[in-house]
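Please keep the sequence and the 3D view at hand while reading.

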Amino acid sequence: MWLFTTQGFYSTVQHDDFEDMVIVRGRTREDIEALRHQIPSIEPFEDPDADYRYRAVVAKADWALALTELATDLDYRNFKSAVAERQGYDRAAIYGKVWAEVYRLQEED
């Protein structure tokens with residue numbers, strides 16, 4: 001699952017060894033650290049050899065609650081503008097490129 005939010009970008013996958021756990025992965029340490037707002041007990045770690053360098057192992061139940069909180073706290077009318085305000089224009093430009101690529105799916109439909 002890819003999740004783009006105004007506090008960070010997350011790629012979440014099933015943990016290989018524990019059915020009730022996921023690995024939340026990020027491109028920046030700040031993104032994973034920002035999850036402390038939703039999951040105070042999170043313990044981020046770095047794997048310099050991994051495709052997503054910053055990671056945390058999280059219980060599925062905690063991840064579900066975090067997703068609920070992120071959705072409940074949604075307070076903007078334009079996502080890319082909110083990202084620019086909260087995380088800067090460089091990040092908003094990157095998200096804009098992702099938006100444009102995904103928009104191609106609609107054009108091809």
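Counting side-chain charges, the protein has 13 positive and 22 negative side chains, and the centres of these two sets lie 5 Å apart. In this count Lys and Arg are positive and Asp and Glu negative, while His and the chain ends are not counted, and the place of each charge is taken as NZ of Lys, CZ of Arg, CG of Asp or CD of Glu.

This is a predicted model, in which local features need pLDDT of at least 70 and side-chain atom pairs count only at pLDDT 80 or more, although totals for chains, interfaces and linings use all residues. Residues are numbered from 1 along each chain as its sequence is written, and side-chain values use heavy atoms, with hydrogens and water left out.

**Overall build**

The protein contains four helices and five strands, and from the N terminus on these elements follow the order β-β-β-α-β-β-α-α-α. Helices (H or I, at least four residues) and strands (E, at least two) are DSSP runs, numbered from the N terminus. Along its principal axes the C-alpha trace spans about 40 × 30 × 25 Å. Of the 109 residues, 36% are buried, where buried means under 20% relative accessible area, exposed means over 50%, and partly exposed lies in between (1.4 Å probe, protein chains only).

Among the contacts with a separation of 6 or more, 54% are accounted for by residues 24 or more positions apart; a contact here means heavy atoms within 4.5 Å. The protein exposes about 7400 Å², and carbon and sulfur atoms supply 51% of that area. Accessible areas come from the Shrake-Rupley method with a 1.4 Å probe, and for residues only the protein chains shown count as cover.

**Salt bridges**

The structure holds eight salt bridges, each defined as a side-chain nitrogen of Lys or Arg within 4 Å of a carboxyl oxygen of Asp or Glu.

| Pair | Distance, N to O |
|---|---|
| Arginine 91 and aspartate 31 | 2.8 Å |
| Aspartate 51 and arginine 55 | 3.2 Å |
| Glutamate 101 and arginine 104 | 2.6 Å |

The side chains of arginine 91 and aspartate 31 meet in one of these salt bridges. Arginine 91 lies in helix α4 (residues 89-108) and aspartate 31 in helix α1 (residues 29-34), so this pair ties together parts that are 60 residues apart in sequence. Arginine 91 is buried at a relative accessible area of 18%, and aspartate 31 is buried at 2%.

Elsewhere, a network of salt bridges links Arg29, Glu33, Arg36, Glu46 and Arg53.

**Surface and interior**

Which residues form a nonpolar patch on the surface? They are Ile94, Val98, Val102 and Leu105, which together have about 350 Å² of accessible area. Patches are made of residues with over 30% relative accessible area and no salt bridge, with like charges joined within 9 Å and nonpolar side chains (Val, Leu, Ile, Met, Phe, Trp, Tyr) within 5 Å. Isoleucine 94 has its place in helix α4 and is exposed, with a relative accessible area of 51%.

The loop between β4 (45-46) and β5 (54-59) holds aspartate 49, which counts as exposed at 76% relative accessibility. Tyrosine 52 lies in the loop between β4 and β5, but tyrosine 52 is buried, with a relative accessible area of 5%. Leaving aside its neighbours within four places in sequence, tyrosine 52 is in contact with Trp2, Phe9, Ser11, Arg25, Gly26, Arg27 and Asp47. The C-alpha atoms of tyrosine 52 and tryptophan 2 are separated by 12 Å, with the two residues 50 residues apart along the chain.

Alanine 71, found in helix α2 (residues 60-72), is exposed at a relative accessible area of 52%. Alanine 71 and glutamate 85 are 14 residues apart in sequence, and their C-alpha atoms are 18 Å apart in space.
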